[in-house]
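Here is a short briefing for a first look at this structure. Take a moment with the sequence and the 3D view before reading on.

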Amino acid sequence: MKKVAVILSGCGVYDGSEIYESVLTLLRLEQNGVQYQCMAPNIDQLHVIDHRSGEVAEGERRNVLTEAARLARGEILDLAEAKADDYDALIIPGGFGAAKNLCDFAVNGSDCSVNDEVKAFAQAIHNAGKPVGLICIAPAMTPLLFGEGARFTIGNDADTAQAIEAMGGRHQNCAVSEIVIDSERKLVTTPAYMLAGSISEAAIGINKLVDQVVEMC
């Protein structure tokens with residue numbers, strides 16, 4: 001049976017993994033008859049956001065791995081212990097945590113860097129010829145993970161696309177219901193909540209992304 005690694009970045013749209021995107025990904029993997037394993041780096045979040053107000057919760061600290069365990073119902077793996085050889089593909093849901101905790105794009109834009117463990121695991125999957133799916137803002141890491149010229153989408157936000165292109169990526173505008181495939185790199189991306197107005201809208205593109213990643217395995 002195929003097995004897909006899912007890297008989470010916490011729990012909650014403003015400071016971790018987008019919950020709907022994550023759950024939709026896991027649901028679609030299961031509907032495809034595929035096993036999955038959630039994992040996350042064992043690091044502090046950039047900050048904690050009060051999701052009622054949208055403001056930073058001053059003085060509060062949370063751990064990415066511990067928070068991601070909430071989404072995974074406790075079935076979580078420390079990314080440092082994960083072995084790419086054990087998996088047939090990788091998917092990274094969005095949420096601001098992807099741009100704050102897995103990399104620092106939210107802070108440094110085109111001058112950003114990717115967490116070492118995330119980079120090592122994603123590149124090991126990629127170098128083994130296995131497919132990778134990136135959702136929402138997670139494609140911000142595309143050129144740093146997969147090299148100059150890698151094709152991706154974050155929807156149609158010109159400023160965000162320009163910042164990622166400045167790192168060497170090649171952006172393609174895309175509707176929320178569609179995906180962009182870089183066949184050479186086995187890379188699949190979709191906008192999800194970069195554009196989605198509802199969970200139903202987000203599900204259309206995410207389902208297509210998961211189906212495509214599974215097919216490429």
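The model is a predicted one. D15 is buried but forms no salt bridge. Helix α7 has its buried residues along one face. The largest nonpolar core holds 68 residues.

**The buried residue D15**
- D15 sits in a loop that runs between β1 (3–7) and α1 (19–31).
- The nearest side chain of opposite charge belongs to R62, 5.6 Å away.
- Beyond its neighbours within four places in sequence, D15 is in contact with several residues, among them S9, Q45, H47 and H51.
- The contacts of D15 also include F96, G97 and N101.

**Helix α7**
- Helix α7 spans residues 158–165, and its buried residues are T160, A161, A163 and I164.
- Viewed down the axis of α7, these buried residues fall within an arc of 160°, so they line one face of the helix.
- The face turned away from that buried side carries A158, D159 and Q162, which are exposed.
- Cover for the buried residues of α7 comes from elements including α4 (105–108), α6 (142–146), β6 (151–152) and β7 (170–171).

**The largest nonpolar core**
- L90, F105, F121 and M141 touch the most other members of this core.
- Helix α8 (residues 199–216) gives the most to the core, with 8 residues.
- Setting aside neighbours within four places in sequence, M141 is in contact with I92, A98, L102, C103, V114 and V118.

Conventions: Residues are numbered from 1 along each chain as its sequence is written. This is a predicted model: local features need pLDDT of at least 70, side-chain atom pairs count only at pLDDT 80 or more; totals for chains, interfaces and linings use all residues. Side-chain values use heavy atoms; hydrogens and water are left out. Helices (H or I, at least four residues) and strands (E, at least two) are DSSP runs, numbered from the N terminus. Buried means under 20% relative accessible area, exposed over 50%, partly exposed in between (1.4 Å probe, protein chains only). Lys and Arg count as positive and Asp and Glu as negative; His and the chain ends are not counted. A salt bridge is a side-chain nitrogen of Lys or Arg within 4 Å of a carboxyl oxygen of Asp or Glu. Contact means heavy atoms within 4.5 Å. The arc is that of the directions from the helix axis to the C-beta atoms. A nonpolar core is a set of buried Ala, Val, Leu, Ile, Met, Phe, Trp, Tyr and Cys residues joined through side-chain atoms within 4.5 Å.
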